Amino acid sequence: MREVGSKPFSVGRIGVYSALVFFSLCALFPLYWMFVIGSNHTSAVSQFPPAIMPGTEFFVNAGKVFTNINFLQALFNTFIVASLITISVLFFCSLAGFAFAKLKFRGRNGLFIFVLATMMVPAQLGLIPSYMIVSQLGWINTLTALIVPAMVNAFGVFWMRQYISSAVPNELIDAGRMDGCSNFRLYWTVVLPILRPALATLGLITFMNVWNDFLWPLVVLKDRSVHTIQVALKTLNGTYAQDYSMVLNGTFLATLPLLVIFLLFSKQVIAGITEGAIKS
């Protein structure tokens with residue numbers, strides 16, 4: 001029962017909710033615009049006033065997408081690459097973060113600073129050396145060329161190290177050592193269950209980054225059978241004419257699985273953070 005004199009809708013609350021609704025609509029508008037153009041004829045891009053309602057050509061344009069590229073194969077390739085990279089990043093980065101946060105060894109701080117320094121090097125600078133290494137290993141035109149170089153990253157190590165330092169008390173580690181736990185068992189049975197919010201967040205970021213990656217797959221994947229979805233969508237671009245409706249239709253279809261995965265895992269992130277916040 002509401003207390004006497006309390007205001008269910010104050011001016012400040014209405015203003016906050018209005019701002020949230022406005023920015024949410026702004027964030028969703030590009031996706032809606034892709035759907036509108038993808039369901040209309042390509043002339044809808046340049047017409048005035050602009051089209052704001054979905055048309056009746058969605059399945060026609062989708063048929064063009066499936067005719068021009070192997071959409072399902074590219075989607076499957078992307079899902080396999082993104083899933084394997086996400087799993088490996090969560091394991092190796094959390095393991096390294098545990099070592100940097102809770103284990104004492106010579107050169108720990110210097111090595112951690114070196115890991116952080118690699119974040120300041122643009123990824124484009126390592127494109128040619130990485131290509132030469134992958135080529136020497138015979139991984140060109142294979143998904144291995146995408147998976148192995150991305151199995152661990154500096155941001156994930158930094159993220160996990162900071163989270164473990166603040167969320168895992170040293171007393172818990174000492175208690176595990178007194179019970180005879182090895183370093184790996186401490187990580188697996190004591191530290192890892194506490195990391196669920198951080199793992200979910202890092203997993204979301206990693207999966208979306210891999211899903212949207214374009215430059216490196218474009219360099220190492222030449223055969224259409226191993227194209228990821230972003231490279232496959234690039235081949236929809238015409239040389240002399242551009243079918244914008246077909247391109248945006250394919251982009252919309254490629255975005256839907258990512259949105260579903262994001263919504264599913266975002267609930268786990270919120271639940272994990274809330275659970276961690278109410279623990280004493």
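Let's start at Arg161, which sits in helix 7 (helices here are DSSP runs of H or I with at least four residues, strands are runs of E with at least two, and both are numbered from the N terminus). Arg161 has a relative accessible area of 22%, so it counts as partly exposed; buried means under 20%, exposed over 50%, and partly exposed is in between, using a 1.4 Å probe and protein chains only. Leaving out residues up to four places away in sequence, Arg161 touches Gly97, Phe100, Ala101 and Phe112, where a contact means heavy atoms within 4.5 Å. Gly63 is another story: Arg161 and Gly63 are 98 residues apart in sequence and 47 Å apart in space, C-alpha to C-alpha.

A quick word on what you're looking at. This is a predicted model, in which local features need pLDDT of at least 70, side-chain atom pairs count only at pLDDT 80 or more, and totals for chains, interfaces and linings use all residues. Residues are numbered from 1 along each chain as its sequence is written, and side-chain values use heavy atoms, with hydrogens and water left out.

Now zoom out. The protein chain has 13 helices and zero strands. Its radius of gyration is 24 Å, well over the 19 Å that the globule rule gives for 280 residues, so the chain is more spread out than a compact globule. That radius is taken over C-alpha atoms, and the rule is 2.2 Å times the number of residues to the power 0.38. Along its principal axes, the C-alpha trace spans about 75 × 70 × 30 Å. Of the 280 residues, 34% count as buried. Look at contacts between residues at least 6 apart in sequence, and 74% of them join residues at least 24 apart.

Residues 74–99 are 100% helix and 0% strand, with end C-alpha atoms 37 Å apart. Residues 246–265 are also 100% helix and 0% strand, and there the end C-alpha atoms are 30 Å apart.

The largest pocket has a volume of about 1,200 Å³. Of the 38 residues lining this pocket, the closest to its centre are Ala123, Pro149, Ala150, Val152 and Asn153. A pocket here is an open set of points on a 1 Å grid over the protein atoms alone, where a 1.4 Å probe fits, with protein on both sides within 12 Å along at least five of seven lines; lining residues have an atom within 4 Å of a point. Points are joined across faces, edges and corners, and the volume is the space filled by probe spheres set on them. Helix 10 gives the most to the lining, with six residues. By class, the lining has 28 nonpolar, nine polar and one charged residues; Ala, Val, Leu, Ile, Met, Phe, Trp, Tyr, Cys and Pro count as nonpolar, Asp, Glu, Lys and Arg as charged, and the others, Gly among them, as polar.

Two more residues are worth a stop. Ile80 lies in helix 3 and is partly exposed at 28% relative accessibility. Ile80 and Leu143 are 63 residues apart in sequence but 8.8 Å apart in space, C-alpha to C-alpha. Asn141 is found in the loop between helix 5 and helix 6 (144–147), and its phi is near 65°, a positive value in a residue other than glycine.
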